Amino acid sequence: LIAIMQLTGKHYVRSWLALLALTALSFALSRVHLGHFGPTLALAIASGKALIVALVFMHLYEGRFMTQLIPVIVVAFVAILCLGLASDVAAR
Amino acid sequence: MASHDEAVSDEHLVRDWFEDRAKQEHAVRFGMWLFLGSETLLFAGLFGLYATYRVAHTEAFLAASHHNNVAIGTINTVVLITSSFTVAWAIHALRENRPKAAVRSIGWTLLFATAFLVLKGIEYTQHFHEGILPGYHYRFAELPQPGARLFFTLYYFMTALHALHVIGGMVFLVVAGHMVRRGRITARRYLTLELAGLYWHLVDAIWIFLWPLLYIAG
């Protein structure tokens, strides 16, 4: 058997605290007027949070390459769809 | 005797077409991730519509999102993130052969999930009283039209579809929790709980994006 490094309790607690901190940060930034940069920053923070959930809570960190590839492709598809649609409307 | 029993049942559980349990579990996990991918693409259509309408009706979308109850939305974000943690903790406890702690942790998750739905219900009720309803039933005139109507129609579609997933995830967790209690999910064999957990985390991950888009978008 190949020994795979397992995530420990510490990883889960730290990830949870990081997720709460990022939520607080996102909330605090939403109170400051950042103009067009605001939503971009909020989505960037959300992406960071989703990455923590996927890597630690969903054990993607321990997963195999083929499994890790699925969310990468899905995120790319969603981004292409949203950016394509938004830029089409913006360019009219 | 117990380990002998487990070894026998393990062998029984590995299908003929898999060499061993590790390969079978990898295939099941891979299949679950594919399913979660297709679930995400179901939401992708709504995210695409959101992007389109937001660019077309930016001012109305900002005004409408500011009208949403930020306190409830933010508390629900914290609640779901914490519920994701308790599910991860349940699997962690089970891996360390602490089934009772795992069941307790699943119980906490179900409690958080219920709190989420109750808060969502309170929010929906507030909207209903103001006449903020989806599609042609929209009656709240204080926000710019037609953008606000589009925003709230999408809001209802996205949050209701998400709430259905919360309920689905709760059912999955109740079944998994019951199996842990009955000793059918153990420290050596916990794939079913892992799959229920994966589904729950997807529900959390989708909300992580819904929160900024619907509550703090400005």
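These questions and answers walk through a predicted model.

Visitor: What pattern does chain B follow along the sequence?
Guide: Chain B has 7 helices and 0 strands. Its C-alpha trace spans about 70 × 35 × 25 Å along the principal axes. Read along the sequence, the pattern is α-α-α-α-α-α-α.

Visitor: What percentage of contacts in chain B, between residues at least 6 apart in sequence, join residues at least 24 apart?
Guide: Chain B holds 218 residues, and buried ones make up 54% of them. Take the contacts between residues at least 6 apart in sequence. The share joining residues at least 24 apart is 79%.

Visitor: Which element gives the largest share of the lining of the largest pocket?
Guide: The largest pocket has a volume of about 1600 Å³. Chain A contributes α2 and α3 (65-90), and chain B contributes α2 (21-56), α3 (58-67) and α7 (191-214), each with at least two lining residues. The largest share is 11 residues, and it comes from α3(A).

Visitor: Which residues lie nearest the centre of the largest pocket?
Guide: The lining counts 46 residues. They divide into 33 nonpolar, 11 polar and 2 charged. Nearest the centre lie L43(A), S47(A), V78(A), C82(A) and F209(B).

Visitor: Which element gives the most to the lining of the largest cavity?
Guide: The structure holds 1 cavity of 30 Å³ or more. The largest cavity has a volume of about 100 Å³. The most, 5 residues, comes from α2(A).

Visitor: How many charged residues are in the lining of the largest cavity?
Guide: The lining has 13 residues, with L29(A), S30(A), L34(A), G38(A) and P39(A) nearest the centre. Of the lining residues, 8 are nonpolar and 5 are polar. The count of charged residues is therefore none, given that Asp, Glu, Lys and Arg are the ones counted as charged.

Visitor: Why does the salt bridge between E62(A) and R95(B) join two chains?
Guide: The closest N and O atoms of E62(A) and R95(B) are 2.8 Å apart. E62(A) sits in the loop between α2 and α3 of chain A. R95(B) sits in helix α4 (residues 70-95) of chain B, so the pair joins two chains.

Visitor: Are E62(A) and R95(B) buried or exposed?
Guide: Buried means under 20% relative accessible area. E62(A) has 15% relative accessibility. R95(B) has 16%. E62(A) therefore counts as buried, and R95(B) likewise counts as buried.

Visitor: Is R92(A) buried or exposed?
Guide: R92(A) meets D88(A) in a salt bridge, at 2.8 Å from N to O. D88(A) is partly exposed, at 37% relative accessible area. The cut-off for exposed is over 50%. R92(A) has 76%, so R92(A) is exposed.

Visitor: Which residues do salt bridges that share partners join into one network?
Guide: The whole structure has 9 salt bridges over all chains. One of them pairs E96(B) with R98(B), at 3.0 Å from N to O. E96(B) is partly exposed at 44%, and R98(B) is partly exposed at 33%. Elsewhere, shared partners join one network: R21(B), E25(B), R29(B) and E194(B).

Terms used
Residues are numbered from 1 along each chain as its sequence is written. Chains are lettered from A and ligands numbered from 1 in the order in which they are written. This is a predicted model: local features need pLDDT of at least 70, side-chain atom pairs count only at pLDDT 80 or more; totals for chains, interfaces and linings use all residues. Side-chain values use heavy atoms; hydrogens and water are left out. On a 1 Å grid over the protein atoms alone, a cavity is a set of points where a 1.4 Å probe fits but cannot get out, and a pocket is an open set with protein on both sides within 12 Å along at least five of seven lines; lining residues have an atom within 4 Å of a point. Grid points are joined across faces, edges and corners, and a volume is the space filled by probe spheres set on the points. Helices (H or I, at least four residues) and strands (E, at least two) are DSSP runs, numbered from the N terminus. Buried means under 20% relative accessible area, exposed over 50%, partly exposed in between (1.4 Å probe, protein chains only). Contact means heavy atoms within 4.5 Å. A salt bridge is a side-chain nitrogen of Lys or Arg within 4 Å of a carboxyl oxygen of Asp or Glu.
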